[in-house]
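Subject: Structure handover

Hello,

I am passing this structure on to you. Please open it first, then read the notes below.

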Amino acid sequence: MKVLIVGCKGQLGRELTKILAAGRSELGDIPAAFRGAQVTGADLPDLDIADKDAVSAFVQAERPDVILNCAAMTNVDGCERDPDAAMKGNAIGPRNLARAAEAVGAKLLHVSTDYVFAGDGKKPYSEWDVCCPQSAYGASKYLGEQYVREFCSRYFIVRTAWLYGYEGGNFVKSILRKARAEGALTVVNDQRGNPTSAADLAHHVLKIAASEEYGVYHCTAAGECSWYDFACKIVELAGIPCTVTPCTSDDYPSPTKRPAYSALDNRMLRCTVGDEMRHWEDALRSFFQNYKEGE
């Protein structure tokens, strides 16, 4: 098995690289199909997925069996300020990977986002719910999904949300840093979703990619909360003496309209390869048991 991880320097890319090398994740053994896999990583500046010819040449040279696309422009305010960059990273890039995967007969697993939905729901979004992105980030990611469907016959689209991991920057690390430095935080309490561990997501990415169950998946932690709830639990589990105060989104003006409610329902996962995603609080406890700050 030859695996190409695109976006290998990001949170999910690094977690996938780690568990493929180890043969297991925090949830257990990875699928047998991936044990002993030959893994190649690609990321900027060595590979720009918006460059069609570069992507085609790279994939033709590697000829992977599976491409795991973790690359994206995830700075949502940056996408709003520069929609052309969002288009290149989140739509044209996946299109190029889809074409290249099809040319060599590879499976393509593409990671997407809860931002493809309007974010005004009252119950978790299912895979069959209508997408209606409200931001440049969400719109570019949704177009990327459409290109993957159009240009690759063996595809998986995996939507996730509120991702954090051991590597790279994320909400958990930001809260830890600010809580220690300031001793008091103010966090929005009117946006709800599913905090998701990169460790759990990586395990399920491999479960999905090892199958022939093609289509669209939601893959987030069980349970939902607000950013304020999430911050409170982070501070509690870290044992940091810090006051966390709730506020509204209006207290933090932003150029981007963020989803007020974007929890996802892992229905496709339950109905195919199985949903082992932990409750967000359990996964966060596991994170603190394994995370060594400063390493």
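Alanine 209 is buried, because its relative accessibility is 1%; buried means under 20% relative accessible area, exposed over 50% and partly exposed in between, with a 1.4 Å probe and protein chains only. Alanine 209 sits in helix α7. Helices (H or I, at least four residues) and strands (E, at least two) are DSSP runs, numbered from the N terminus. Setting aside neighbours within four places in sequence, alanine 209 is in contact with Phe34, Val66, Leu68, Lys107, Leu109 and Phe156. Contact means heavy atoms within 4.5 Å. Aspartate 190 is 19 residues from alanine 209 in sequence, and their C-alpha atoms are 35 Å apart.

A word on the source. This is a predicted model, in which local features need pLDDT of at least 70 and side-chain atom pairs count only at pLDDT 80 or more, while totals for chains, interfaces and linings use all residues. Residues are numbered from 1 along each chain as its sequence is written, and side-chain values use heavy atoms, with hydrogens and water left out.

Helix α1 covers residues 11-22. Its twelve residues should span 16 Å at 1.5 Å a residue, and the end C-alpha atoms are 17 Å apart, so the two agree. The expected span is 1.5 Å times one less than the number of residues. Gln11, Leu12, Gly13, Glu15, Leu16, Ile19 and Leu20 of α1 are buried. Glycine 23 follows α1 and has a positive phi, near 85°.

α1 packs on helix α7 (residues 198-209) at about 65°, with the axes 9 Å apart. Axes are lines fitted to C-alpha atoms, for helices over the stretch in contact, and angles run from 0 to 180 degrees between N-to-C directions. The crossing of α1 past α7 is right-handed. A crossing is right-handed if the near helix is turned clockwise from the far one by less than a right angle, and left-handed if anticlockwise. From α1, Gln11, Leu12, Glu15, Leu16, Ile19 and Leu20 take part; they meet Ala198, Ala199, Leu201, Ala202, His203, Val205 and Leu206 in α7. That contact has ten nonpolar, two polar and one charged residues. Ala, Val, Leu, Ile, Met, Phe, Trp, Tyr, Cys and Pro count as nonpolar, Asp, Glu, Lys and Arg as charged, and the others, Gly among them, as polar.

Helix α2 (residues 52-62) and helix α4 (residues 83-104) have axes that come within 9 Å and cross at roughly 35°. This crossing is right-handed. Lys52, Val55, Ser56, Val59 and Gln60 in α2 meet Arg95, Asn96, Leu97, Arg99, Ala100, Ala103 and Val104 in α4. Six of these residues are nonpolar, three polar and three charged.

Helix α5 (residues 136-151) has 16 residues and reaches 22 Å between its first and last C-alpha, close to the expected 22 Å. Its buried residues include Tyr137, Gly144 and Val148. The buried residues of α5 pack against α3 (76-81), α4, β6 (107-113) and β7 (155-160).

**Aromatic rings**

How many aromatic pairs does a search of the whole structure find? It finds 14. Rings of Phe, Tyr and Trp (its six-membered ring) pair if their centres lie within 6.5 Å; planes under 30 degrees apart are stacked, over 60 edge-to-face and the rest tilted. Tyrosine 166 and phenylalanine 287 are stacked, 5.0 Å centre to centre with 10° between the planes. Tyrosine 166 lies in the loop between β8 (163-164) and α6 (171-182) and phenylalanine 287 in helix α10 (residues 280-290), so the pair ties together parts 121 residues apart in sequence. Both are buried: tyrosine 166 at 15% relative accessibility, phenylalanine 287 at 2%. Phenylalanine 287 also pairs with phenylalanine 288; the centres are 5.4 Å apart and the planes at 85°, so this pair is edge-to-face. Ring pairs build a cluster whose members include Trp162, Tyr164, Tyr166, Phe287 and Tyr291.

**Backbone points**

Tryptophan 162 has a positive phi near 50° and is not a glycine. This residue is in the loop between β7 and β8. Arginine 63, in the loop between α2 and β5 (66-69), has a positive phi of about 45° and is not a glycine either. Leucine 44 and proline 45 are joined by a cis peptide bond, with omega about 5°.

Best wishes
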